[in-house]
Amino acid sequence: AGFVGQEVPNRFVVGEPLTGEQLSHGLFQGRQDHLEHVRQSYGRSLPAQPTVFHGIQKVGKSSLLNAVVHELRDLGRMVAVVTAQGLQPDAQGLDAIVFNLCRRITRTDPERFAGYDMPPRVVNGVAFLEDFLTDFASIGRRETGMAPILVIDEFQVLYRPDVAPLLDVLRITAESRDVGL
């Protein structure tokens, strides 16, 4: 027996995910196969399928994600990193989730998105997300000559039937190779 939703303490897990500064000081170790996959898949072109790292809590997925972002930026890619944590598919409609996700993306780099005007709300989430990702792709190509990458941490929050249209747009975007995921 146990308690659903209660985390078991692990004395080997300490602190938060490694940050960019910690990564540059060599604190991230291992996972070379994952990093090599990123270099090969995202170096010159983009894969047609998103790359997903999944597993149980507190095994280093977010630290790995931060290392991946570091690698992608070293490859010259424009990268926006957002978290799906805090989005509430059970309490918010699709339009609100799309709005909040896109607003988070624009806030990753206010200077880069200075000319982009977020509306006060989104009426058609699917159409808005398609247009937003097209604009995101244009910004990335203009700045780097390559397609940009969108990294979404805590992606499992979006695994809900009512958010399926958003996931379809992300899948189609990845297949088009306009934006890497």
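Which residues of α3 are buried? In this predicted model, where residues are numbered from 1 along each chain as its sequence is written, local features need pLDDT of at least 70, side-chain atom pairs count only at pLDDT 80 or more, and totals for chains, interfaces and linings use all residues. Side-chain values use heavy atoms, with hydrogens and water left out.

The buried residues of α3 are S62, S63, L64, L65, A67, V68, V69, E71 and L72; buried means under 20% relative accessible area, exposed over 50%, and partly exposed in between, with a 1.4 Å probe and protein chains only. Helices (H or I, at least four residues) and strands (E, at least two) are DSSP runs numbered from the N terminus. With 14 residues, α3 reaches 20 Å from its first C-alpha to its last, close to the 20 Å expected at 1.5 Å a residue; the expected span is 1.5 Å times one less than the number of residues. Just after α3, G76 takes a positive phi of about 90°.

A helix pair comes next. Helix α2 (residues 32-42) packs with helix α3 (residues 61-74) at an angle of about 35°, and their axes are 10 Å apart. Here axes are lines fitted to C-alpha atoms, for helices over the stretch in contact, and angles run from 0 to 180 degrees between N-to-C directions. On the α2 side, the contact (heavy atoms within 4.5 Å) is made by H34, L35, V38, R39 and Y42, and on the α3 side by L64, A67, V68, E71 and L72.

Two backbone details complete the picture. Most residues other than glycine have a negative phi. E154, however, has a positive phi of about 60° although it is not a glycine. E154 is found in the loop between β2 and α6 (164-176), and at 25% relative accessibility it counts as partly exposed. R177, also not a glycine, has a positive phi near 65°. R177 lies in the segment after α6 and is partly exposed, with a relative accessible area of 39%.
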